[in-house]
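Student: I am new to this structure and would like a close look at a single part of it. Please take me through it slowly.

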Amino acid sequence: MKSVIAIYPGSFDPVTNGHLDLIERGSNIFGHLIVAVLRNTDKSPLFSVGERLDMLREAVAPYPNVEVDAFQGLLVEYARQRQARVLLRGIRAVSDYEYEMQMAMMNRRLESRMETIFMVPAEAYSYLSSRLVREIAKLGGSVSGLVPASVEERLRIKIS
């Protein structure tokens, strides 16, 4: 699968160590992994798309076959533009699976050649989400070990 281009899409608001676990493992499987930040005008993210791109680029610097990009609109259209054949998605719990299965089936309906591969995070990150990280940080709790140190610093600045 070293010739396969895969996309790992998400909001990454902010990127967590759980995301990085999947990115590292995905980079070992696929020839090229695109970490794609969704520009979603329906949400009010804590970090701008530009800030999220910067945090991700810094965090994935050790992986030469990983690229960071942003997209808007249908994921399958973006995947076609980037000539990707695989979507990488993380699943932490059964509730994630139900939603992700629905999305995978719709993506396949829209693009029959698109495959979705589900990965479970390392056990240490099975409970971790960007939403929880933001909530903990807003309430003054420590997010050390949940996000890269540079992201922890950006959270501290953004929330203060």
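Student: Which residues does Asn-17 touch, not counting residues up to four places away in sequence?

Tutor: Bear in mind that this is a predicted model. Leaving out residues up to four places away in sequence, Asn-17 touches Tyr-125, Leu-128, Gly-145, Leu-146, Val-147 and Pro-148. Asn-17 itself belongs to helix α1, which covers residues 17–29. Its relative accessible area is 15%, and because buried means under 20%, Asn-17 counts as buried.

The aromatic rings can be described next. The count of aromatic pairs comes to 3. One of them joins Tyr-8 and Phe-12: their ring centres are 5.3 Å apart and their planes stand at 85°, so this pair is edge-to-face. Tyr-8 and Phe-12 are both buried.

Another pair is formed by Tyr-97 and Phe-118, with ring centres 6.0 Å apart and planes at 65°. Planes over 60 degrees apart count as edge-to-face, so the pair of Tyr-97 and Phe-118 is edge-to-face. Tyr-97 sits in helix α4 (residues 94–110), whereas Phe-118 sits in strand β5 (residues 115–119), so the pair ties together parts that are 21 residues apart in sequence.

Key: Residues are numbered from 1 along each chain as its sequence is written. This is a predicted model: local features need pLDDT of at least 70, side-chain atom pairs count only at pLDDT 80 or more; totals for chains, interfaces and linings use all residues. Side-chain values use heavy atoms; hydrogens and water are left out. Helices (H or I, at least four residues) and strands (E, at least two) are DSSP runs, numbered from the N terminus. Buried means under 20% relative accessible area, exposed over 50%, partly exposed in between (1.4 Å probe, protein chains only). Contact means heavy atoms within 4.5 Å. Rings of Phe, Tyr and Trp (its six-membered ring) pair if their centres lie within 6.5 Å; planes under 30 degrees apart count as stacked, over 60 as edge-to-face and the rest as tilted.
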